[in-house]
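Welcome, and thanks for taking a look at this model. Please have the sequence and the 3D view open side by side as you read.

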Amino acid sequence: MVRRYYLQKGPCRPNHNFPTKDVGGRLRSFKASWYKKYHWLEYSIAKDAAYCLHCFLFRSDDGRKGGGASFISTGFKAWNRGDEALDNHVGFVNSEHNKAVRKCEDLLTQSQSIRVALCKQSDQVKKDYRIRLQASIDCIRHCVRQGHAVRGHDESESSKNRGNFIELLKFHAFGRVDVHSVVLENSPKNLQMTSPDIQKDIVHAIASEITKEIICDIGEDLFSILVDEARDTSIKEQMTVVLRYVNQEGYVMERLLGIAHVSDTKALTLKMEIESILVTSGLSLSRIRGQGYDGASNMSGEINGLKALVLAENSSAYYIHCFAHQLQLTLVAVAKQHGDVSGFFTLITNLINLVGGSCKRMDNIRESQAAKVVEALCCGELETGRGLNQEVGLKRPCDTRWGSHFDTLLNLPVIYSSVIDCLDIIKKEAKGEAKGEASVTLICIQSFDFAFILHMMIKVLAITNELSKSLQRKDQDIVNAMQLVRGAKLRLQDLRDKGWESLLDSVISFCKKEYLPISNMDELYILSGRPRRNAQQITNLHHYKVELFYTVVDMQLQELNSRFDEVNTELLCCVACLNPDDAFADFDKEKLLKLATFYPNEFSIDDILHLDPQLDSYIFDVKMNTRFTKLKGIAELCREMVVAKKFRSFPLVYRIVKLALLLPVATASVERVFSAMNYVKNTLRSRMSDEGLNDFLVGYVESDILDRLDDECILQTFQDMKTRRGSL
């Protein structure tokens, strides 16, 4: 079993920056080209030595012949005579190495195993086994695709509900004579292919094939990693690794590589687990060209953070702080630093807890709002139509998702009068603390201050919410993200310069509609509390315009400028020159040549010399081609270069474009995996194993790959995992 596992896994072949050493007066190192020539060869990064997988698994006393000992125990390090020594190790037909290779082949060929030889099966038995296994795979595939539980609480034959898998298998066999005759009660008792172990093996086979598709899609190209950790329903820390790469069609892809349980969130622990996941898939840290994490100290620490540990091994793995997290921090900073805004959001939270904490109260709001909509329709104040006048409610905002705050504030003016009616009912009928809370909340939300801050924050959050949604796209490139941030800053500045009048008009209009008091802007602003607090004589206009409106917008702008400091780095300034907007108006050859120097492993000195004239030819060609002059963003440029075959004419330029697209923007894909994890591993499935969670999530998240998987590949992978009673 152990030998079969290692053979199926294949030799360890990391794409590593192989260290050089002085051998015979010349610097020598392991050559990656040997991988293609010798399929048995594997390399150890820790020992800087090469080994033979087959000879290691089937070693013999004569293994020393042909340098066998060095390829089994000590490791081969004589790089100066590499090809000669490797050929000598292979030897002739009956060499010890070739004998080991044949033993490995025999082990993987189940038809030659002793168990199969002792229990020969007829063609009909094999056919029935294939149909039975195919039916089980179809049912498991559906459960994984939909994220449904496979096993049932009671799968015994007397149970009325035997779980999703068994019930689906019964439905699948209904009306199909060929399937019904070989599954469940019509199958051999020891070969029904429905046991929990079989279910897990099929899910694992599906996940393995999906991972193979992802690795095949990457090929020999480079990639970036997006990493984050979160706790699952069984209170276990799970770390997710997502790969960002450019496929052969020029599309930016973000794919789930795996999820793993980590004992702690120390940077070194995370790095070791990431490296383990990569090596298992045949990848290595040396191929990483970008890192995307949040701003936690264990991730972004300059000395001992995860990014620093990766950069120590790979200086080209540039770190980008997740743009979505940075935007989140700017909104949190404003909400906490400004006293009035902080008090406003505290009031919103209390309001939702008071009103939304009871089903009866929410029903009162819905009924009241429905009656008001009917009345408005009868009066002609509202229009009817598809998608209009739908039921809205008060969403409970999440502290880590400020887009939810925007949705809550956006709905509040619509159902404001219904909320007031509900609070009146609570004030009259409730007892104890709820009665007092309703009275205080009524006073606070029926004020001009509340109406003003409500409409002001809706306008501010509307701008940042659009930016947040744009950053969630998987194919978003760093240059476009930088432009979106600049656009948000310009919109906020425009709101500050020109938005006061429209804001004040909307607040006054709302107050008139809801019969709220309207402050006279020319009168003195009265502070609540003791009289000495009003020693500073300011008007209402100054308070609302300067102390609230201008201050909040300025704080937002200041936070955006300080948080998004990456846009000022030399690397991203050079990347911005690739932007095709406005007919390549930002093109700067010198900066692009500088950009190539940031990637010494991809651009040698000779490559940079060839890149100079190639950039001249490239910009002349694309400016003359109408297909390129109307492109938006580097992602579109990359796809168009593939479609127009320009990646062959300008390979060095295309290499730069792909490297620019590898720079991560946001960890939204990781967050989506965590959302899927909470759906897959819920309270009813909290005992799911870590390996099972990984396999299930890979299939569920990467459902588009699952849909196009060939059944025959899943069959063969499942069959080769271990010795089976049935044979195909």
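How many bridges join strand 5 to strand 6? Eight bridges do, and the two strands run antiparallel.

## About the model

This is a predicted model, in which local features need pLDDT of at least 70 and side-chain atom pairs count only at pLDDT 80 or more, while totals for chains, interfaces and linings use all residues. Residues are numbered from 1 along each chain as its sequence is written, and side-chain values use heavy atoms, with hydrogens and water left out.

## The whole chain

The protein chain has 36 helices and nine strands; these are DSSP runs numbered from the N terminus, helices being H or I with at least four residues and strands being E with at least two. Its C-alpha trace spans about 105 × 75 × 50 Å along the principal axes. Of the 728 residues, 49% are buried, where buried means under 20% relative accessible area, exposed means over 50%, and partly exposed lies in between (1.4 Å probe, protein chains only).

The accessible surface of the protein chain is about 36,100 Å², and carbon and sulfur atoms account for 52% of it; areas come from the Shrake-Rupley method with a 1.4 Å probe, and for residues only the protein chains shown count as cover. Contacts (heavy atoms within 4.5 Å) also deserve a look: among those between residues at least 6 apart in sequence, 69% join residues at least 24 apart.

## Strand 5 and its neighbours

Strand 5 covers residues 223-231, and seven of its nine residues are buried. Its antiparallel partner, strand 6, covers residues 237-246, and there Thr240 is the bridge partner of Asp228. Two strands are taken to pair if DSSP finds at least two bridges between them. Strand 5 also pairs with strand 8 (residues 288-293), in the parallel sense and over three bridges. In that pairing, Ile225 stands opposite Gln291 of strand 8.

Five residues lie between the strands in the hairpin of strand 5 and strand 6, where Ile235 takes a positive phi near 55°. Lys236 forms a salt bridge with Asp690, with the closest N and O atoms 2.8 Å apart. Because Lys236 lies in the loop between strand 5 and strand 6 and Asp690 in helix 34 (residues 690-701), the pair ties together parts that are 454 residues apart in sequence. Lys236 is partly exposed at 23% relative accessible area, and Asp690 is partly exposed at 25%.

A search of the whole structure finds 27 salt bridges, each a side-chain nitrogen of Lys or Arg within 4 Å of a carboxyl oxygen of Asp or Glu. One of them joins Arg145 to Asp707, with the closest N and O atoms 2.9 Å apart. Arg145 lies in helix 8 (residues 123-146) and Asp707 in helix 35 (residues 703-707), so this pair ties together parts that are 562 residues apart in sequence. Arg145 is partly exposed at 30% relative accessibility, as is Asp707 at 47%.

Lys170 and Glu167 meet in a salt bridge of 3.7 Å, N to O. These two are three residues apart in helix 9 (residues 164-173), and therefore are separated by about one helical turn. An α-helix has 3.6 residues a turn, so residues three or four places apart point the same way. Elsewhere, Asp201, Lys722 and Arg724 are linked in a network of salt bridges.

## Cysteines without disulfides

How many disulfides does a search of the whole structure find? It finds zero, a disulfide being a pair of cysteine sulfur atoms within 2.5 Å. Cys577 is in no disulfide, and the nearest cysteine sulfur, that of Cys574, is 6.2 Å away. For Cys511, the closest cysteine sulfur is in Cys444, 15 Å away and too far for a bond. Cys511 is buried at 0% relative accessible area, and Cys577 is buried at 5% relative accessibility.

## An enclosed helix

Helix 30 (residues 633-643) has nine of its eleven residues buried, so it is largely enclosed by the rest of the structure. The buried residues include Ile634, Leu637, Cys638, Arg639 and Glu640. Just after helix 30, Lys645 takes a positive phi of about 65°.
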